[in-house]
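Biologist: Can you walk me through this one? I would like the fold, then the side-chain contacts, then the surface.
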Amino acid sequence: MSKAGVTWLKWAAILLSAIFLVSIAVYFFYPDVSVLKKKNPKVTAFMKYRMEEWLHKGKKIKVRQKWVPLKRVSPYVIKAIIIAEDDKFWSHEGFDFEAMQEAMEKNLKKKKFKAGGSTISQQLAKNLYLSPSKNPIRKIKEAILTWRLEGNLSKRRIIEIYVNVAEWGEGIFGVEAAAKRYFGKSAAALSAYEAARLAAVLPNPRRFNAGGDSRYVRKRADLIYRIMVKRGIVIPEYEELMSQPEDMTPEEAEQLEEQIESGGTAVQENAEVPPAAGEAPEGPEAPPPADGSAPALPAMPLEPVSADP
């Protein structure tokens, strides 16, 4: 190759590198995330991505979302999501480096860029401004936006926006729409176990139905619920009483209270362990209770649930 050709390639490489760096650097300044302190996002980049996807596939699906303030969301929802998605949410500054290292090790082992170890803040940055694509460039942009979100918004505001824009099924965004779709009630009225089921499907909300009878969803929700009980977030006896019909007779209520006091309805720590992977299930799966109460739970390891976004 001639000297002129080498020079041209050199300058072309420099130009392309400059364009790439600028495309990344722009996220240090744009968009203006500070407006989210008081302004609720109406349409996110993730919603736009899905709408274009539906249009391309000829699907007539509309986004269903209704914004609700955090005070109108069951506290169980927040607890369950944090346990399932980001157990260090209140203490980290946007990144869980231990989870990221574990995710990287998984990727290297499987030779795929799949597991991300993303925090709730990172997931929010992706939902608001980016796409679901899994590539290193998107992760760099996500990291910059996460750093800016953490620097401009309180943790309370971050989780409030997250529960209102998170995807919970085909066309379903936000916890209010999800609560109505799967349980026929408002987000404020969700029980602890219903909250656990919603949290259980977040890693893949279009594949799994929070109100369905999937074995994966049931087992994951059981684990999240058990962790909530272990941490004192849920008191099973209270949940049992509150889930009863309002027209219970005094005699029935007294009988139930005696049952609870004798330990008849509490979660059994020594319950039979479910079959391990590869073993045949003992019988057909049962759908979640219609009243949203938790089913009898199998004994499971009391460890935080990690999720691969």
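Modeller: Helices (H or I, at least four residues) and strands (E, at least two) are DSSP runs, numbered from the N terminus. This is a predicted model, in which local features need pLDDT of at least 70 and side-chain atom pairs count only at pLDDT 80 or more, while totals for chains, interfaces and linings use all residues. Residues are numbered from 1 along each chain as its sequence is written, and side-chain values use heavy atoms, with hydrogens and water left out.

Biologist: How many helices and strands does the protein have?
Modeller: There are 12 helices and zero strands. Along the sequence the pattern reads α-α-α-α-α-α-α-α-α-α-α-α.

Biologist: What share of the residues is buried?
Modeller: The share is 42% of the 309 residues. Buried means under 20% relative accessible area, exposed over 50%, and partly exposed in between (1.4 Å probe, protein chains only).

Biologist: Give me one buried example. Where is Ile82?
Modeller: Ile82 sits in helix α3 and is buried, because its relative accessibility is 6%. Ile82 and Ala199 are 117 residues apart in sequence, with their C-alpha atoms 8.4 Å apart in space.

Biologist: Salt bridges next. How many does the count come to?
Modeller: The rule asks for a side-chain nitrogen of Lys or Arg within 4 Å of a carboxyl oxygen of Asp or Glu. The count is 13 salt bridges.

Biologist: Which residue does Glu53 pair with?
Modeller: Glu53 meets Arg206 in a salt bridge, at 3.0 Å from N to O. Glu53 is in helix α2 and Arg206 in the loop between α9 (192-200) and α10 (215-230), so the bridge ties together parts that are 153 residues apart in sequence.

Biologist: And is Glu53 buried or exposed?
Modeller: Glu53 is buried, because its relative accessible area is 16%. Arg206 is partly exposed, at 35%.

Biologist: What about Lys59, which residue is its partner?
Modeller: Lys59 bridges to Glu170, and their closest N and O atoms are 3.8 Å apart. This pair also links distant parts of the chain: Lys59 is in the loop between α2 and α3 (75-85), Glu170 in the loop between α7 and α8 (175-183), and 111 residues separate the two. Lys59 is partly exposed at 37% relative accessible area, and Glu170 is partly exposed at 30%.

Biologist: Which residues are linked in a network of salt bridges?
Modeller: The network consists of Arg50, Glu53, Lys59, Glu167, Glu170 and Arg206. Another bridge joins Lys155 to Glu150, with the closest N and O atoms 3.0 Å apart. Both Lys155 and Glu150 are buried.

Biologist: Changing topic: how many aromatic pairs are there?
Modeller: A search of the whole structure gives four aromatic pairs. In one of them, Phe28 and Trp147 are edge-to-face, 6.1 Å centre to centre with 70° between the planes. Phe28 is partly exposed at 41% relative accessibility, while Trp147 is exposed at 53%.

Biologist: Why is the pair of Phe89 and Trp90 edge-to-face?
Modeller: The ring centres of Phe89 and Trp90 are 4.9 Å apart and the planes are at 70°, so the pair is edge-to-face. Rings of Phe, Tyr and Trp (its six-membered ring) pair if their centres lie within 6.5 Å; planes under 30 degrees apart count as stacked, over 60 as edge-to-face and the rest as tilted. Phe89 is buried, with a relative accessible area of 0%, whereas Trp90 is exposed, at 53%.

Biologist: Now the surface. Which residues make the nonpolar patch?
Modeller: Val26, Phe28, Phe29, Tyr30 and Trp147 make a nonpolar surface patch of about 630 Å². Patches are made of residues with over 30% relative accessible area and no salt bridge; like charges are joined within 9 Å, and nonpolar side chains (Val, Leu, Ile, Met, Phe, Trp, Tyr) within 5 Å. Accessible areas come from the Shrake-Rupley method with a 1.4 Å probe, and for residues only the protein chains shown count as cover.

Biologist: Where does Tyr30 lie?
Modeller: Tyr30 is in the loop between α1 and α2, and is exposed at 59% relative accessibility. The peptide bond from Tyr30 to Pro31 is cis, with omega near 0°. Most peptide bonds are trans.

Biologist: Last one: which residues form the positive patch?
Modeller: Lys66, Lys71, Arg72 and Arg156 form a positive surface patch. Lys and Arg count as positive and Asp and Glu as negative, while His and the chain ends are not counted. The place of a charge is taken as NZ of Lys, CZ of Arg, CG of Asp or CD of Glu. Arg156 is in helix α7 (residues 155-165) and is partly exposed, with a relative accessible area of 46%.
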